[in-house]
Each structure stands twice: as structure tokens, then as C-alpha cells.
Amino acid sequence: MTASTASTAEKYRPALHFSAQNTWINDPNGLIYHDGLYHLYFQNNPQGNVWGNMSWGHATSPDLLAWTHHPVAISCDENEDIFSGSTVFDRKNTSGLGTEGKAPLVAFYTSFYKPGNARHGLQAQSLAYSLDGGYTWTKHAGNPIIDRNSPEFRDPKVFRYTAAGQSYWVMVAVEAKDHQVVLYKSENLLEWEFLSSFGPANATGGVWECPDLFELPVDGDPGQSKWVLIVNLNPGGPNSGSAGQYFVGSFDGTTFTSESTVTEGRSGDERLAEYQWLDWGRDYYAAVSFSDAPDGRRLMISWMNNWEYANDIPTSPWRSPMSLAREVALRTINGTPRLVQVPASDPKNEFESTAEFASGLVQLENEAQVLEQAAGAVQRIKLSIDPGTAKEAGLVVRSGASEGTRIGIDVERSELFVDRRASGETDFHAAFASLDKVPLPLVNGRYELTIFVDHCSVEIFAHDGAVTMTELIFPSPSSTGLSLYATGGAASFHDLSVIRFD
Ligand code: FRU
């Protein structure tokens with residue numbers, strides 16, 4: 001299969017990432033693997049390319065890279081918009097919504113009630129079910145199924161909790177402005193009992209949205225597992241605007257207890273670097289995981305955009321891509337279990353490459369080297385950098401006569417940065433042009449980077465996914481240059497490999 005190419009009319013249309021067909025999208029919703037396909041539902045405005053008329057759009061993929069678009073799955077109506085949520089396969093028909101021999105898929109979403117509805121101003125949780133494998137959905141007659149009389153109660157993520165002879169459904173949702181995750185329990189997906197709440201904790205510089213809770217082995221050892229609570233935050237991320245934080249801890253079936261809560265000392269803003277972030281880039285939001293992913297994998301997708309400028313990004317007629325799907329795991333780093341993330345499917349295994357470039361050692365001292373043979377608009381780049389005596393070392397991707405995106409290491413500060421101030425179109429919003437940073441330790445004398453470049457994004461996985469950074473860019477299609485550089489001294493670049501897909 002070849003990666004799709006951007007046409008001139010749609011010059012930013014990604015090749016490796018899911019993107020809206022010709023309308024607006026935001027959060028991934030209802031992610032589930034079912035009957036051999038990954039189903040991606042998403043916040044969608046079926047009638048336009050800015051936020052509004054929220055409904056669940058739908059696409060499927062066998063491999064998380066090539067997507068087929070389907071008609072809107074759950075549509076807004078005169079009563080409600082359909083906000084974010086999740087889907088489970090009710091394989092034992094605990095809900096009774098299935099039919100003889102046909103277990104239902106059950107989708108949980110937030111009802112955002114419209115003016116004219118008696119509940120206008122409130123948000124409550126509702127469900128819809130599908131008996132045809134996720135293509136058509138029926139809203140449950142008994143909606144809403146949980147109503148707290150709250151204007152900020154949203155984003156239900158449901159999973160099956162099984163431990164110590166107990167098994168039931170658990171929902172995590174948020175009271176967004178209170179910075180609380182609320183947990184509920186159910187036997188039948190229809191009636192829910194309040195369990196507990198978590199928060200406020202760590203980053204609270206914006207509303208808490210789109211939570212998720214799942215168990216993962218630590219260092220691959222199922223005997224040593226911990227629970228991960230995902231809380232998306234908007235704004236208040238480490239490089240401004242929307243971002244996702246996570247907590248590692250335990251869940252006893254009732255209460256989540258965090259082991260990564262930072263409680264004392266300086267003020268919240270100064271502590272941002274001490275919290276756990278899913279991604280340090282500007283464009284990784286509303287990250288949530290799949291239900292029933294095969295082989296016990298925990299796979300996540302995020303919306304690759306930021307509410308600061310989301311409605312203004314210069315794509316047309318579509319607006320917003322999703323991130324690559326990522327497989328997440330817990331790895332002990334400096335004595336603490338941390339979430340590490342790698343692409344769930346490597347494009348190298350799914351798409352034909354149009355060119356491959358590899359080089360041995362490259363040493364540069366106060367100079368840049370253009371790699372003519374490694375040019376491209378859609379690429380997977382791998383390398384490791386020994387900073388040597390340099391003050392700064394890195395690469396410039398998607399470069400042209402007067403533009404380029406710098407991905408580099410500030411050696412003194414041991415920081416990875418993405419500088420998109422001259423990346424291409426930036427003036428559509430004052431908050432877009434930015435230099436964004438993340439602390440990155442030297443490991444065995446090197447900085448190891450894997451970078452996915454696409455028509456409108458760069459996604460960086462450093463040190464086998466211990467740190468990630470995802471950013472939108474809008475370069476000219478002709479800006480396909482790739483170069484390496486070192487300033488303030490000499491650096492060496494090892495094991496460079498570039499695979500081109502456009
Ligand atoms: C997050 C979010 C959710 C909400 C949805 C509405 O981006 O604000 O909290 O359900 O988007 O589109």
C-alpha cells in the first residue's frame with residue numbers, strides 16, 4: 001500500500017494520520033477494536049469545519065494507518081449535542097439491549113442539552129447501542145442514565161473491572177471545572193452507583209476533560225501491575241494550551257489512589273515539569289484508549305490540535321487530524337513507573353517507502369549539512385545525537401528557501417525543543433508560532449530520537465518513547481529539505497535512517 005499523497009488543493013492533508021474528510025473533528029470517541037477492525041468515532045460537525053453540531057463521526061481501519069470513512073454514527077438532534085465518550089462490547093448482554101444471539105456494542109456519550117430542552121445548561125451521561133457492529137446506533141429510551149444536575153459533567157469512559165472474584169462495569173467521567181474524576185459502577189450498563197472521586201491534583205490550570213483508567217504491567221511483568229489515570233487538561237499544558245497528564249497508582253475497584261501526586265512546595269505553574277505528561281507538544285489532546293485492543297495491548301489516539309487555535313488552522317475543507325495511534329506501557333525510569341509510548345503500527349511495515357537513506361557517523365562543528373538524498377515531506381527519521389562540545393545540535397525538517405521546523409537539543413539545559421516559528425504558515429493565530437521544550441536526559445551519552453514527519457505535523461518519540469512531543473506545522477508542499485546542524489561546538493550524529501513515504 002502506498003501512503004496517500006496531498007493534492008495541491010489539500011496541501012496539508014496528512015498521509016500517515018487520520019484526518020477529517022471535509023468537515024470539523026475534535027476528540028477521538030468510542031475507540032474499540034471489534035470484529036477485526038479498529039473503530040474510531042470522533043467529535044464531528046457534519047455541517048461545517050469549525051466546532052458545532054457535535055455528533056460522532058466514524059471511521060474504521062484494519063491497521064490504524066489506513067482509514068475508511070463511514071456516515072455519521074450518532075447524530076445531534078433538536079434536543080442534544082453528542083459530546084465525547086466511549087464504547088464497550090457488552091458480550092454477555094448485561095444491558096439486555098442485545099437480541100437473541102446478538103450482543104450489543106454500547107456507546108456512552110455526554111448529552112449536551114440544547115436551548116428548549118428542560119435540561120438545557122446541564123450535561124448528563126447517555127447511551128446508544130448498535131446491533132450491527134458499530135455502524136448504526138439507537139439512542140436508549142431511558143436516557144440520560146446518569147444525571148448529577150451538573151453543567152460540567154462529561155466524557156464517560158467505561159471499562160470492565162475484574163479482580164478478586166468481582167466483575168462489573170466502571171465508568172470514569174469528569175466534573176470538569178472542579179478538577180475531579182468521578183467513578184461509577186454498574187452491573188448492567190443502565191443503572192450506575194457512585195463509587196468515589198479523585199482530584200484536584202497536580203495540573204489544574206484548566207478544565208479536566210476526557211479521563212481514562214486502565215491497568216498495565218510494570219516493565220512487562222503482569223505480577224507487577226499499576227493503574228494509570230489519564231486526565232486531559234485545557235488549558236494549562238506544559239507548553240501552553242491543551243495537553244494530557246497522567247497519574248500512576250492503584251485502583252481497588254472503588255477508589256483510585258495516586259502515587260504521582262505532587263503536593264507540596266511551589267505553585268502549580270512552577271511545578272509543570274514535575275507532573276507526568278502524555279506529550280509535551282502543543283498538539284496532543286483528548287487522548288483516550290481503545291476498548292478490547294487485541295493481544296492485551298493498550299492503544300491510544302489523541303486529537304492532534306490545541307483549543308488555543310484549533311478553529312483557525314489553515315486546512316480546508318477539512319479541519320483537524322488525529323495523532324498516530326500509540327501503544328503505551330509502564331517502564332521503570334529512575335525508580336518510578338512512567339508511561340512510555342511508541343507508534344502502535346510503524347508505517348514502515350504498512351506503507352511502501354519511496355526512498356530510504358541511511359548514514360553512518362556524521363560529525364558537524366558549527367555547521368549544517370543538507371542531506372539531499374534524505375529529502376521528503378512524509379518520513380520516519382531515526383537517529384541518535386552525541387552532543388559532544390556543541391551548545392545545540394539537531395535537525396531541520398520540512399525546510400525550504402525561507403522556512404523549516406527545527407528539532408534540536410539545547411545541550412546545556414538538556415532539553416529537546418521544537419521550534420516552529422518559521423515552520424511555514426503561522427500567522428493564522430497569534431498563539432501558533434512557538435518554541436516548545438521538554439527536559440530530556442542524556443542516556444548513555446546520546447539523545448535518541450524517532451521522528452514522524454507528515455504534511456502538517458511532526459511527532460517525536462525520544463528514548464524509546466519515554467518522552468514524546470507532537471506539533472502541527474503548515475509548510476509549503478515544496479519544503480522537503482532535511483538537514484543536520486551543530487552550533488557552539490562539535491556534535492556527532494549516529495545511526496541516521498530516513499524512510500520516505502510521499
Ligand atoms: C474536549 C471536549 C470534551 C467535550 C467535547 C465537546 O476537547 O471539550 O470535554 O466532550 O470536547 O466537543
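**First stop: a hairpin**

Select D219: in the hairpin of β14 and β15, with two residues between the strands, D219 has a positive phi near 55°. This model is predicted; local features need pLDDT of at least 70, side-chain atom pairs count only at pLDDT 80 or more, and totals for chains, interfaces and linings use all residues. Residues are numbered from 1 along each chain as its sequence is written, and side-chain values use heavy atoms, leaving out hydrogens and water.

Now select residues 207-218, strand β14. Strands are DSSP E runs of at least two residues, numbered from the N terminus. β14 is largely enclosed by the rest of the structure, because 10 of its 12 residues are buried (under 20% relative accessible area, 1.4 Å probe, protein chains only).

Pick P217; its bridge partner in β15 is S225.

**Next stop: the ligand**

Select the residues around the ligand, including W51, F83, R154 and W307 (near means a heavy atom within 4 Å). The shell divides into five nonpolar, three polar and four charged residues.

Which distance separates a polar side-chain atom of D155 from an oxygen atom of the ligand? It is 2.6 Å. For Q43, a side-chain N or O atom is 2.7 Å from a ligand oxygen. At S84, a backbone N or O atom lies 3.1 Å from a ligand oxygen. The protein buries 95% of the 320 Å² that the ligand exposes when taken alone (Shrake-Rupley method, 1.4 Å probe).

Key. Polar contact = N/O pair within 3.5 Å; in protein donor to acceptor, adjacent residues only side chain to side chain. Nonpolar A, V, L, I, M, F, W, Y, C, P; charged D, E, K, R; others polar. Buried < 20%, exposed > 50% of the residue type's maximum accessible area, 1.4 Å probe, protein only. Helix = DSSP H or I, 4+ residues; strand = E, 2+ residues; numbered from the N terminus. Pairing = 2+ DSSP bridges.
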